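Here are my notes for you to read alongside the viewer. Take the points one at a time, and find each residue before you move on.

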Amino acid sequence: PWRVEITLRRRGDLCLPLPWRVTYEDGSTEEFVWSREAQLEQPWWRYRAESSRKIRSVVLDPERAYYFDEDMSDNQWYDEGDEQAPLRWAERVLNQYGHLLHWYAGIGG
């Protein structure tokens, strides 16, 4: 059996019912909700269980109904590595650098 321990942590003051989904290796899913009342009691919540299935992913707000924060990258966890993530990061950095150069050229630099 797999020992599962998932810790959710709220940063800030916003308290909304937070749906989250666990996807297992066999493709099955489980849906949970971290209630507003539980968030007001303490800013973190730990889920522990034993399972015969391995977890493939955990996603907060899987339907993207709320925008809890600007950085959505820490609202999900995947067991396998994402080969595209470094490319997306590099694209963002180069895009910001392009904006900087455009601004610099606009002020006559």
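**Notes on a predicted model**

1. Let's start with Val58, which sits in strand β5. Keep in mind as you look around that this is a predicted model. Is Val58 buried or exposed? Its relative accessibility is 11%, and buried means under 20%, so Val58 counts as buried.

2. Now look at what surrounds Val58. Setting aside neighbours within four places in sequence, Val58 is in contact with Ile6, Trp20, Arg21, Val22, Asn75, Gln76 and Trp77. Try the distance to Thr29 too: Val58 and Thr29 are 29 residues apart in sequence, and their C-alpha atoms are 9.6 Å apart in space.

3. Next, the aromatic rings. A pair of rings is described by how far apart the centres are and by the angle between the planes. The count here comes to five aromatic pairs. Take Trp20 and Trp45: their ring centres are 5.7 Å apart and their planes are at 75 degrees, so this pair is edge-to-face. The pair links distant parts of the chain, with Trp20 in strand β2 (residues 18-24) and Trp45 in strand β4 (residues 44-51), 25 residues apart.

4. Trp45 has a relative accessible area of 26%, so Trp45 is partly exposed.

5. Another pair to find is Phe32 and Tyr47, which is tilted, at 4.9 Å centre to centre with 55 degrees between the planes. This pair also links distant parts of the chain: Phe32 is in strand β3 (residues 29-34) and Tyr47 is in strand β4, 15 residues apart. Both Phe32 and Tyr47 are buried. Now put the names together: ring pairs link Trp20, Phe32, Trp45 and Tyr47 into a cluster.

6. Here is a ring with a charge over it. Arg53 lies over the face of Tyr24, at 3.9 Å from the ring centre.

7. Last stop: Asp61, in the loop between β5 (55-60) and β6 (76-78). Not counting residues up to four places away in sequence, Asp61 touches Leu18, Pro19, Trp20, Tyr66 and Phe68.

Note on methods
Residues are numbered from 1 along each chain as its sequence is written. This is a predicted model: local features need pLDDT of at least 70, side-chain atom pairs count only at pLDDT 80 or more; totals for chains, interfaces and linings use all residues. Side-chain values use heavy atoms; hydrogens and water are left out. Helices (H or I, at least four residues) and strands (E, at least two) are DSSP runs, numbered from the N terminus. Contact means heavy atoms within 4.5 Å. Rings of Phe, Tyr and Trp (its six-membered ring) pair if their centres lie within 6.5 Å; planes under 30 degrees apart count as stacked, over 60 as edge-to-face and the rest as tilted. Buried means under 20% relative accessible area, exposed over 50%, partly exposed in between (1.4 Å probe, protein chains only). A charge sits over a ring if NZ of Lys or CZ of Arg is within 6 Å of the ring centre and within 35 degrees of the ring normal.
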